Amino acid sequence: MEEFSLVISVAYQFGTNAAFLLLCALGLIVILGMMNIINLAHGELMMMGAYTASLSYQAGLPFPLCVAVSFLVVGFVGAVFERLVVRRFYGRELSALVVTWGISLLLSQGTLMVFGPFLPSIPIPGGSLDVGAYSLSVYWLILIAVSIAVVVALAWLYNRTTFGLHARATMQDAAMARALGVNTGRIYMLTFSLGAGLAGFSGALLAPTASIMPFMGQQFVAPAFITVVVGGAANVIAGAVGSSVLLSLVRTPVGFYLGAFLGLVALLLAALIIIRLMPNGVSAALQRWSDRRAQSH
Amino acid sequence: MMGTELLTATGLRSGYSIGDVLQGFDLSIDRGEVVSVLGRNGVGKTTLMKTLIGLLPTRAGNIRYQGEDISALPADRRARRGIGYVPQGRGIFPQMTVRDNLRMGGFINRDQQTPDPEVAFSFFPFLRDRQRQRGGTLSGGQQAMLAIARALINAPDLLLLDEPSDGVQPSIVQDIGAFVRELNQSRQLTVLIVEQNIDLIQTVAQRAYVLDKGRVVADLDRERLMDTEHVATYLAV
């Protein structure tokens, strides 16, 4: 029984670590992975999601509805930024980096001016489950399930729908997609908006676990970029899943036996080694394997 | 007024930031014709094709398609009116499977909503077997066949072909020629083909324009097109 609860506890730790990485990465999977925009405002979009959730929670909305509102509000903000600013910088990665950094400063300082340094936090929904000597948070179990569901939905959207087909074609060769009847301007706007909306969605979901402050987004930026870059661009969704699993496999046991800080160090070291060995990310390695399979048929 | 003319271009000027490449280009194609544009490298053939599909803006002159001025329409709206385009270099989406590349051709002709890959499969059977393979892993010749199949899958009225033989082995060039001819005869597909391969031109084209320095300098009828030595003088450097 003692061993059983230990296994459950380690599996739970692993699940929360992987879900945290995936949630941080969700919006960036779309914006960096697919559109190749180094979006330094990613953390601030997550912060906006948390703010929207906190404000609508205080207004009396049930928490799941707050998360939905955050998705819509931040998605709309993303669409506006794309129309006004970001679309002038496609294909100019460094300019886009500076511009999104500017947006991030604008958002965090603007939030500080309008809302002050703190917003009331949201209590963590759900209680806890006791397994042996360990206690598991129901909310984190829900977050694990939600992150899996969103990744499956994203994969479905990109692989099974006409929008996904058009989006993949536009990201690979926009001129050719246009010549085949795709309104690429619309695809770019919807894609950026979806990425922003997902960042807001994750920010809202993580809001109960964090302090709601104008600069709270910073803590999510590094995990988000590490997850997407280690995943690679060959197949962003599969890559992000692969990298969050791989990195959590390293982080969880080290964190469990040597403490959370060394767990984080192990994660960063693992990211370094994986990028050194697979410069194009986990998904490029997966793709080489699947190409060989497809060609041998 | 809608006669038998499918596509006309009048006084077309277009190019890049350094200046106009097309300098008053005129052309007229009837429904059901296969017309070739000949010329040496760098005379503006690819610029012409990009301007006709709308990837380069028309700076002066106009393009009429099915009786309407389409010069100001973006490329996606031209494609949806039924213009299929096969660019130089083929424009295959490398990360997408053969099947998804073919599906991308399904938006070309908005009136016709039944993409049918079977005709393409009967000419290029390898496409059927490799639907799950990524486009980028096909050979150059296979990509050329895929690009043509993709452009034709939804029965467009007009096909713009930019040097389909470029970098393709002779047997595949013959297959491409046979496919284009078959669709021209069975479906009255209209084709504008830019080419330097004399065999392919002679297989498919009924007449040709000779392009030099951004203008039409000669019209060739079928008889003169079959005179290989004569045609070669327009292509030699």
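1. Helix α9(A) is mostly covered in this predicted model, since 10 of its 14 residues count as buried. The buried residues are A:F220, A:P223, A:A224, A:F225, A:I226, A:T227, A:V228, A:V229, A:V230 and A:G231, and what covers them includes α1 (2–34), α2 (42–58), α10 (236–258), α11 (260–277) and α12 (281–296) of chain A.

2. Just after α9(A), the residue A:G232 takes a positive phi of about 85°.

3. Turning to chain B, an open sheet of six strands with mixed pairing has the order β6-β7-β8-β3-β9-β10. Strands β6 (83–86) and β10 (215–220) of chain B stand at the edges, and because each has a single partner strand, one side of each is left without a neighbour in the sheet. From one strand to the next, the twist averages 20°.

4. Within that sheet, strand β9 (residues 207–212) of chain B is joined to β10(B) by five bridges, and the two run antiparallel; B:V210 stands opposite B:A218 in β10(B). Helix α1 (residues 45–53) of chain B packs on the sheet, where it touches β3 (34–38), β6, β7 (158–162), β8 (190–194) and β9 of chain B, and its direction makes about 150° with that of β7(B).

5. Is B:A147 buried or exposed? This alanine, placed in helix α6 (residues 140–152) of chain B, is buried, because 26 other C-beta atoms lie within 10 Å and the cut-off for a buried residue is 20 or more. Leaving aside residues up to four places away in sequence, B:A147 touches B:V86, B:R90, B:G91 and B:I92. The C-alpha atoms of B:A147 and B:F93 are separated by 9.7 Å, although these two residues are 54 residues apart along the chain.

6. Where the two chains meet, 24 residues of chain B are in contact with 17 residues of chain A. On the chain B side, the elements that give two or more residues are α2 (75–80) and α3 (98–103) of chain B, and α2(B) gives the most, with four residues. Sorted by class, the side of chain B that touches chain A has 13 nonpolar, five polar and six charged residues.

Terms used:
Residues are numbered from 1 along each chain as its sequence is written. Chains are lettered from A and ligands numbered from 1 in the order in which they are written. This is a predicted model: local features need pLDDT of at least 70, side-chain atom pairs count only at pLDDT 80 or more; totals for chains, interfaces and linings use all residues. Two residues are in contact if their C-beta atoms, placed from the backbone, lie within 7 Å. Ala, Val, Leu, Ile, Met, Phe, Trp, Tyr, Cys and Pro count as nonpolar, Asp, Glu, Lys and Arg as charged, and the others, Gly among them, as polar. A residue is buried if 20 or more other C-beta atoms lie within 10 Å of its own, exposed if 12 or fewer, and partly exposed in between; C-beta atoms are placed from the backbone. Two strands pair if DSSP finds at least two bridges between them. Axes are lines fitted to C-alpha atoms, for helices over the stretch in contact, and angles run from 0 to 180 degrees between N-to-C directions.
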